[in-house]
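I opened a new notebook page for this structure.

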Amino acid sequence: MGAALVRLCRKYLRAGLGAALTAAFVLSAASPALARKEALPPAEAAPTPDRNPAKLYIDADKLIYDKDRDIVTADGDVVLYYKGRVLQGDHVVYDRKSKRLLASGRVKLTDEHGDITYSKRLELSDDFANGFADAVQVLTIDKTRLSSPRIERSGDAVTVLQNGVYTACEPCKAHPEKPPLWQVRAKEITEDQNTHTIYFRDAYFDAFGFPVAYIPYFSAPDPTVTRKSGFLTPSFSSESYLGLGVTTPYFFALAPNYDLTLSPSFYTMQGPFLDAEWRQRTENGAYDVRLSGIDQLQPGKFLPEPYGAGDRNFRGSAESKGKFYLNQNWTVGWSVTALSDRFYLTDYRLLALDTTQYFFQDVVSQVYLRGQAGRGFFDLSGYSFQPTSPFLDQRQDPAAVPTFDYHRTFPIDPDRSHGIGGEATVELNAASIDRQEALYQSVGGQRFDQAYSLYQVCGAGTSAASYAPGSCLLRGMAGDYTRGTEQVSWAKKIVDPLGEVWKPFAFERASGEATSLSNSGFAYSSSVGSAVIPNYAQSSFFAGQNSGSAATGMAGVGLEYRYPFIAETSLGEQIIEPIGQIIARPNEVLPRLQPNEDAQSLVFDDTTLFNWSKYSGFDRVEGGTRANYGLQYIDNFPSGGHFNVLAGQSVQVAGQNSYTLADAANTGLESGLDKTWSNYVAGETLQPTAAPLTLGLKQQFDSSDFSLARFDAILGGKWGNFAGSFDYARYAAQPLLGWLYPREGLITSGTFKFDNGLSVSGGLTLDMSRHYYDTNYGSAFYPTQYNVGLAYEANNCTTVKVAYNSTLAVPISSTPGVPAAPAFRDQTLLFEVDFRTLGDVKSSAGVQ
């Protein structure tokens, strides 16, 4: 706030008066012809865009030079233009003997930024060392306002405002005489340009015309200082397991390119907490390091392990992010986090819940080297994962070090390839995966351990016999797995005289891999039961093998055909395009020891219909001869909107259908591709107008009875005063993949802004299938997460926000009949007041 005050005053006394003084100097430079008053030649007209902006232009009804007194006077609608600044007044006088400039009457200064200053009278010396202005009012381009009866400047460094008033609120249109919503008054505001500091004495903060806070003395950096050490806005909180909390950050501006922020907190139940963040910018990048921790006074306030942090005294984290540009094409960087326990970030509100990733809240650490140029991309990375929920043992999360991806497309010159032409693509991928504890999932209904009802098990989870193909899935293998893959492909687009589009293509792919399974076991026990997660049962998924290596290959040729029919109608440009594709290749060969770590996310829809291989990763590849066909319709509306629909089917023409070959995770089964004639897929996109409102739909229909197997609907964008999104999905049961019941869910959020400054927001997450297997969950419409909020922007200067969030702390249900993890709703009430240009005040509280 102080910076805004003095920035305006300085512009007034430096920039605006500089233009006036320059004008007076030019006027006084005219050689007098007689020792009497006489009219000078007319001044130049106001500047036009094609004139030199650094040149002074003067416009006045009358310009007079008094030779006897050595005074230059401009009268009547005086306007001075200089370097984008405009000074207007009724009367301007420059006394060459005293070297003083006086402007009076309706004085108005518009600076080069658009800020406007009004005054009745101003006076200053020609060297800018001393001066004053009376009855000052300032309106800035960002609609802040300043007034002061008098501003004085002395010693070429010190500016003093007497009884200054500052506000960012607009005056009431109906009653402009009323005080603004809020304002800051100070008996004296002093800026010292030598120390670049603004000092406030006897300052009040007024709301609705009444003083609500008094500060006898404080200081702040002036506008030339972009960063300066000092306290930042404090925040307040209240939680049942932390108590009342207050955080008072302090910022250390150590150098122009690095700084330190210390954010000490105190919680009435847990004691002092420290959060420190170091940031540094270099010539080619930037990095930061954040350390936080606490020695808890009452660790028993948290849930016992493994549901919570348990009886742990010290808790903390170490985080660092960095990104450096080696040159215009290459970057190296990292984002790493180390935690004392999985619950630390959420318990101390250091990690905001992402409702779109409600069932996956892992903290991902990575280090990378990336390059991109033209149509080439290079990525060498390493990843590790840390869970933040109780439903995954840290040992079940993998470390992927390293992972490697390279992709580049080369055009082929027909003149140098005997007319072949087209383009070639080279892809390289490699990954090394390490995991300590196997990640299993039961076929059919999901089952959880009988010790804590947290971890996925197969059968009763007490013997290795339950962990076998047919009754169990191996989602993540324990041990070491390394794979490298290369793929080279060629494709060429040919358009014949009839407009038919032919695209022949060919590809080859080779992979080599080595696997070593862990044979340990992990036992869990509690007062209610026990369970074993046996790594040594993994070999049953790989024909009894525990280690080995293999090499596989795949090659194929194919042809894609399209024939677009285009018509211009009153409904817009319409395109109907039949599409056909045939791919011939040998059968896929699965080695006996073949983990699947990166190709489990198989989704068959319109976006993957014409993919040469519909697997999501490199651990699996499509084999056999397959045909894909479909029909696409596009309508580009005259209004700027569009409609698109693509529907089709995939057919296994010959050879082994890869999607009927079950791997350790049963990937491919019940995908809609695991039969000769696949399920039908369709996708539609509708944007009615050029406005950003889009509806996307996707369906998969069973080819035998046309029942709906998959459905997705996504609506998002802005419509008038409303902006929001709606995401709904329903998938049929897939018992062979561990989903005994249909899966159905909804995520939606939206904000509506009223014309009076009020806005209402809300969000909702529904797990609409949980009630099938969790009798305590209620109906399909019992909310997993929801939030509501109100915000009111008053007078364009103050925003008040109130928000409530409620999240089911246990996103996964346990096996019926088995003691479940403690389930509760995590409820938070947030309050924030933002005073424009001054800062904000925030507070949060846990709700019981």
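Entry: I began with C169, which counts as buried at 1% relative accessibility. Buried means under 20% relative accessible area, exposed means over 50%, and partly exposed lies in between, with a 1.4 Å probe and protein chains only. C797 is buried too, with a relative accessible area of 1%.

I noted the source before going on. This is a predicted model, where local features need pLDDT of at least 70 and side-chain atom pairs count only at pLDDT 80 or more, while totals for chains, interfaces and linings use all residues. Residues are numbered from 1 along each chain as its sequence is written, and side-chain values use heavy atoms, with hydrogens and water left out.

What joins C169 to C797? I found a disulfide, with S to S at 2.0 Å. The cut-off for a disulfide is a pair of cysteine sulfur atoms within 2.5 Å. The torsion about this S-S bond is about 80°, so the disulfide is right-handed. C169 is in the loop between β10 and β11, and C797 is in the loop between β48 (783-794) and β49 (798-808), 628 residues apart. Strands (E, at least two residues) and helices (H or I, at least four) are DSSP runs, numbered from the N terminus.

I then looked up C458 and C472. A disulfide joins them, with S to S at 1.9 Å. Its torsion is about 60°, so it is right-handed. C458 sits in the loop between β30 (456-457) and β31, and C472 in strand β31, 14 residues apart. C458 is buried at 0% relative accessible area, and C472 is buried at 2%.

The count comes to two disulfides. Their pattern is 1-4, 2-3, with bonded cysteines counted along the chain. I also checked C172, which is partly exposed at 35% relative accessibility.

**Entry: cores.** Which residues have the most contacts inside the largest nonpolar core? I wrote down Y440, Y467 and L474, in a core of 28 residues. A nonpolar core is a set of buried Ala, Val, Leu, Ile, Met, Phe, Trp, Tyr and Cys residues joined through side-chain atoms within 4.5 Å. Strands β27 (423-435), β31 (472-476) and β35 (521-526) each supply at least two residues of this core.

I listed the contacts of Y467, leaving aside neighbours within four places in sequence. Among them are Y440, C458, C472, P534 and F541. Contact means heavy atoms within 4.5 Å. Another core lies apart from the largest one; it has 27 residues, including L80, L109, A133 and V136.

**Entry: salt bridges.** How many salt bridges does the structure hold? I read off 37. A salt bridge is a side-chain nitrogen of Lys or Arg within 4 Å of a carboxyl oxygen of Asp or Glu.

I picked E170 and K143. Their closest N and O atoms are 3.7 Å apart. E170 lies in the loop between β10 (158-167) and β11 (182-192), and K143 in the loop between β8 (131-139) and β9 (145-154), so the pair ties together parts that are 27 residues apart in sequence. E170 is buried at 16%, whereas K143 is partly exposed at 45%.

Next came E577 and R562, which meet in a salt bridge at 3.3 Å, N to O. E577 is in strand β39 (residues 572-584) and R562 in strand β37, 15 residues apart. E577 counts as buried at 11%, and R562 as partly exposed at 23%. I also noted a network of salt bridges that links E305, R312, R315, D341 and D347.

**Entry: surface and whole chain.** I looked for a nonpolar patch on the surface. One is formed by I494, W502, L559, I582 and V653, with about 380 Å² of accessible area together. Patches take residues with over 30% relative accessible area and no salt bridge; like charges are joined within 9 Å, and nonpolar side chains (Val, Leu, Ile, Met, Phe, Trp, Tyr) within 5 Å. L559 is in strand β37 (residues 547-562) and is partly exposed at 32%.

Last, I took the totals. The protein chain has two helices and 51 strands. Buried residues make up 44% of its 848 residues. The chain exposes about 40,400 Å², and carbon and sulfur atoms supply 59% of it. Accessible areas come from the Shrake-Rupley method with a 1.4 Å probe; for residues, only the protein chains shown count as cover.
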